[in-house]
Amino acid sequence: MNVKAALAGLAATAMLVTPSLAITLKKGTDVTLVFDQELNSRHTHVGDKVKFHVKDDISVGGHVVIRHGTRVWATVSDVHKNGRFGKNAQLKLDISPIRAMGMEIPLQPRQKGNMIGGSRGTKAAGAAGAGAILLGPLGLGAGYFVVGKAVNVHPGQQLETQVSETVHSR
């Protein structure tokens, strides 16, 4: 084969190679995570690792950016145990970014403050306050016996998250 034929072949091959694909994943894009382990507020501590996987492919312009099954890790950054006056337990998770297509994709739970748990405590505290007004100290004391719920998560349960800032592929 001569040099001209070899160069022509390389040029033709170069034309078939597609240029690097530029992808933008917008802030607010929904990503559903699935818990891969049990999580209980009674036995969870700050610093514990929590394992998830992505439920469904996340695509942009027909190109899969995040594949279903992708591993995702979170770290427990705050634990509020359940307590008196109906205070429900809460866990705060810091979700590690997903690495895909040359991007670090930051996620955050769609719940404000990254907390998992309930808000029954404010209702019970309000009821105890109303009880104190109507019944005096006896009503306030009754609120003491209303205990909030613990957080109990089982494998397969889902956490609705979203991309927390717009990212671009390199």
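A salt bridge here is a side-chain nitrogen of Lys or Arg within 4 Å of a carboxyl oxygen of Asp or Glu. Keep that in mind as you look over this model, which is a predicted one. Apply the rule and you get 2 salt bridges.

Start with Asp 36 and Arg 71, whose closest N and O atoms sit 2.5 Å apart. Asp 36 is in the loop between β2 (30-35) and β3 (39-40), while Arg 71 belongs to strand β7 (residues 71-80), so this pair ties together parts that are 35 residues apart in sequence. Asp 36 is partly exposed, at 24% relative accessibility, and Arg 71 is partly exposed too, at 48%.

The other pair is Glu 104 with Arg 99, and there the closest N and O atoms are 2.8 Å apart. Glu 104 comes out as partly exposed, with 36% relative accessibility, whereas Arg 99 counts as exposed at 66%. As a general point, side chains of opposite charge can pair when their charged atoms come close.

Now for the nonpolar side of things. The largest nonpolar core holds 30 residues, and Phe 52, Ile 66 and Ile 105 have the most contacts inside it. Strands supplying at least two residues each include β2, β4 (49-54), β8 (90-95) and β14 (158-163). The top contributor is β7, with 4 residues. In soluble globular proteins, nonpolar side chains tend to be buried together.

Phe 52 links the two stories. Leaving aside residues up to four places away in sequence, Phe 52 touches Leu 33, Val 72 and Leu 159, among others, and its contacts also include both Asp 36 and Arg 71, the partners in the 2.5 Å salt bridge.

Technical notes:
Residues are numbered from 1 along each chain as its sequence is written. This is a predicted model: local features need pLDDT of at least 70, side-chain atom pairs count only at pLDDT 80 or more; totals for chains, interfaces and linings use all residues. Side-chain values use heavy atoms; hydrogens and water are left out. Buried means under 20% relative accessible area, exposed over 50%, partly exposed in between (1.4 Å probe, protein chains only). A nonpolar core is a set of buried Ala, Val, Leu, Ile, Met, Phe, Trp, Tyr and Cys residues joined through side-chain atoms within 4.5 Å. Contact means heavy atoms within 4.5 Å.
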